[in-house]
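Hi,

Here is the structure I said I would pass on.

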Amino acid sequence: MGGTEHLTVRREGATLVLTLNRPEAKNALSPAMLVGLHDGWIEADEDDSVRSVVFTGAGGTFCSGMDLKALAGNGMGGEQYRDRLKADPDLHWKAMLRHHRPRKPVIAAVEGYCVAGGTEMLQGTDIRVAGESATFGLFEVRRGLFPIGGSTVRLPRQIPRTHALEMLLTGRPYTAREAAAIGLIGHVVPDGTALEKALEIAERVNACGPLAVEAVKASVYETAGMTEPDGLAAELERGWPVFATADAKEGARAFTEKRPPVYKRA
């Protein structure tokens with residue numbers, strides 16, 4: 001199991017938990033964090049015993065975005081990771097889920113600040129839980145910057161355009177209740193319990209057929225930009241083979257026998 005000083009990786013059953021771990025800097029993105037995230041997503045993809053991922057932050061904060069001191073040229077340490085970043089100029093975008101979509105469902109557990117790059121990474125997750133005091137927002141325009149982590153493309157596809165444009169063009173903060181009202185997140189829970197709720201959801205995902213879960217997730221994203229006829233055709237192509245799997249047969253037997261299914265990804 002990987003990880004770095006700014007990104008911890010641990011297992012909770014079939015769930016891989018990735019935790020941004022730079023609380024003294026409100027989990028601002030660093031080279032160590034980006035390399036750790038990249039490797040964590042790859043680990044989740046390649047390990048068939050992993051059925052879901054929970055993505056969270058340490059110290060009561062999710063992520064406050066890029067370290068602006070580094071952006072201004074002041075550096076942020078972690079020199080041992082710069083060779084990795086130079087060798088793969090796309091690594092940071094994969095880490096931030098801009099240029100990589102994990103095969104397994106990703107559930108975000110947000111406490112505290114989830115702003116700028118934090119809100120951008122959030123848009124690459126599938127299910128989102130937040131503590132009631134969490135703060136969201138894309139502050140880039142207030143600093144003369146552009147939210148280049150994908151928000152001008154993804155956000156209007158995930159929430160109504162009027163809300164997306166207000167968030168993008170005003171750079172104002174949003175409370176968890178506001179974020180839920182516009183559809184950016186799905187659950188608001190008492191502070192300090194977002195991770196618990198995310199793990200609860202992950203367990204429900206883990207109890208389902210893994211081949212079916214991965215196919216359903218893939219179909220949702222693959223068909224998002226298609227016309228309805230093209231999307232329905234693609235859905236059949238993606239979904240029909242699932243019915244021929246051993247997992248599908250096991251699910252039917254377990255239902256008939258009134259017992260929990262035992263899936264083997266076959």
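E5 and strand E7 (residues 135-137) run parallel and are joined by 3 bridges, with Tyr-113 opposite Thr-135 in E7.

Before going on, some bookkeeping. This is a predicted model, where local features need pLDDT of at least 70 and side-chain atom pairs count only at pLDDT 80 or more, while totals for chains, interfaces and linings use all residues. Residues are numbered from 1 along each chain as its sequence is written, and side-chain values use heavy atoms, with hydrogens and water left out. Helices (H or I, at least four residues) and strands (E, at least two) are DSSP runs numbered from the N terminus, and two strands pair if DSSP finds at least two bridges between them.

Now the other sheet. This open sheet has 6 strands in the order E1-E2-E3-E4-E6-E9, again with mixed pairing. Strand E1 (7-12) and strand E9 (187-189) are the edges here, each with a single partner strand, so one side of each lacks a neighbour in the sheet. From one strand to the next, the twist averages 20 degrees (axes are lines fitted to C-alpha atoms, for helices over the stretch in contact, and angles run from 0 to 180 degrees between N-to-C directions).

E1 and strand E2 (residues 15-20) run antiparallel, with 6 bridges joining them. Arg-10 stands opposite Val-17 in E2, and Thr-8 has Thr-19 as its bridge partner. The hairpin of E1 and E2 has 2 residues between the strands, and Gly-13 takes a positive phi near 65 degrees there. Helix H1 (residues 31-46) lies across E1, E2, strand E3 (52-57) and strand E4 (106-110), at about 170 degrees to E2; contact means heavy atoms within 4.5 Å.

On charges, the structure holds 17 salt bridges (a side-chain nitrogen of Lys or Arg within 4 Å of a carboxyl oxygen of Asp or Glu). One of them pairs Asp-67 with Arg-22, their closest N and O atoms being 3.1 Å apart. That pair links distant parts of the chain, 45 residues apart: Asp-67 is in the loop between E3 and helix H2 (68-71), Arg-22 in the loop between E2 and H1.

Cheers
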